[in-house]
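This briefing goes through a predicted model. The notes after the display are grouped by topic.

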Amino acid sequence: MPAASIAVMTETAMVVRFGDTIDPAIADAIHALALSLEGDPFPGFVEASPGFATLAVFFDPDAVPRDRDEPPAATVQRLLEARLSGLDPSALADPRIVEIP
């Protein structure tokens, strides 16, 4: 899986960057992380929005459980790092082909 970096995008969003090119392996990693978050969301998760090499992860900072002095973004970063460590893009189902008449 491509290496990922996580950064704060706004007070309610993080961005997970898998590179800076359009690549099938990056697309698979983005898709796998999005499916993982949607299938088993962390408390406060709102939605995930994929890009070519990134995944924006939106959250409700008031709903994210955290230590007293820890900002919500730090908690979400830890949760995303843990999710990435167990991610297996090779387990994705084969894509389906849709023919448009």
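In this predicted model, R17 stands opposite T54, a residue of β4. Five bridges join β2 to β4, and the two strands run antiparallel.

- An open sheet is formed by four strands in the order β1-β2-β4-β3, with antiparallel pairing.
- β1 (5-10) and β3 are the edge strands; each has a single partner strand, so one side of each is left without a neighbour in the sheet.
- On average, neighbouring strands of this sheet are turned by 25° against each other, direction ignored.
- β1 and β2 pair over five bridges in the antiparallel sense.
- These two strands, β1 and β2, form a hairpin that has two residues between them.
- Within this pairing, V8 stands opposite M14 in β2.

**T54 in strand β4**

- T54 is found in strand β4.
- T54 counts as buried because its relative accessibility is 17%, and the cut-off for buried is under 20%.
- Not counting residues up to four places away in sequence, T54 touches V15, V16, R17, I30 and S49.

**M14 in strand β2**

- M14 lies in strand β2 and counts as buried, at 0% relative accessibility.
- Leaving aside neighbours within four places in sequence, the contacts of M14 include I6, A7, V8 and M9.
- Also in contact with M14 are L55, A56, V57 and F59, together with A73, V76, Q77 and L80.
- M14 and L80 are 66 residues apart in sequence, and their C-alpha atoms are 9.3 Å apart in space.

**The helices against the sheet**

- α1 lies across β2, β3 and β4 and runs at about 20° to β4.
- α2 lies across β1, β2 and β4, running at about 35° to β2.
- α2 has 14 residues, which should span 20 Å at 1.5 Å a residue; the end C-alpha atoms of α2 are 20 Å apart, which agrees.
- The buried residues of α2 are P72, A73, T75, V76, L80, R83 and L84.
- The cover over these buried residues of α2 includes β1, β2, α1 and β4.

**The nonpolar core**

- The largest nonpolar core has 24 residues.
- The residues with the most contacts inside this core are V16, F18, L33, L37, L55, V57 and L80.
- Two or more residues of this core come from each of β2 (13-17), α1 (24-39), β3 (45-50), β4 (54-59) and α2 (72-85).
- α1 gives the most to this core, with seven residues.

**The aromatic pair**

- How is a pair of aromatic rings described, and by what values? The distance of the centres and the angle of the planes describe such a pair.
- One aromatic pair is found in a search of the whole structure.
- F42 and F45 form this pair, which is edge-to-face, with 5.6 Å centre to centre and 70° between the planes.
- F42 counts as buried because its relative accessibility is 6%.
- F45 counts as buried too, at 17% relative accessibility.

**D60 in the loop**

- D60 is found in the loop between β4 and α2.
- Is D60 buried or partly exposed? With a relative accessible area of 33%, D60 is partly exposed.
- D60 touches G44 and V46, not counting residues up to four places away in sequence.
- D60 and Q77 are 17 residues apart in sequence and 14 Å apart in space, C-alpha to C-alpha.

Technical notes:
Residues are numbered from 1 along each chain as its sequence is written. This is a predicted model: local features need pLDDT of at least 70, side-chain atom pairs count only at pLDDT 80 or more; totals for chains, interfaces and linings use all residues. Side-chain values use heavy atoms; hydrogens and water are left out. A nonpolar core is a set of buried Ala, Val, Leu, Ile, Met, Phe, Trp, Tyr and Cys residues joined through side-chain atoms within 4.5 Å. Buried means under 20% relative accessible area, exposed over 50%, partly exposed in between (1.4 Å probe, protein chains only). Contact means heavy atoms within 4.5 Å. Rings of Phe, Tyr and Trp (its six-membered ring) pair if their centres lie within 6.5 Å; planes under 30 degrees apart count as stacked, over 60 as edge-to-face and the rest as tilted. Two strands pair if DSSP finds at least two bridges between them. Axes are lines fitted to C-alpha atoms, for helices over the stretch in contact, and angles run from 0 to 180 degrees between N-to-C directions. The expected span of a helix is 1.5 Å times one less than its number of residues.
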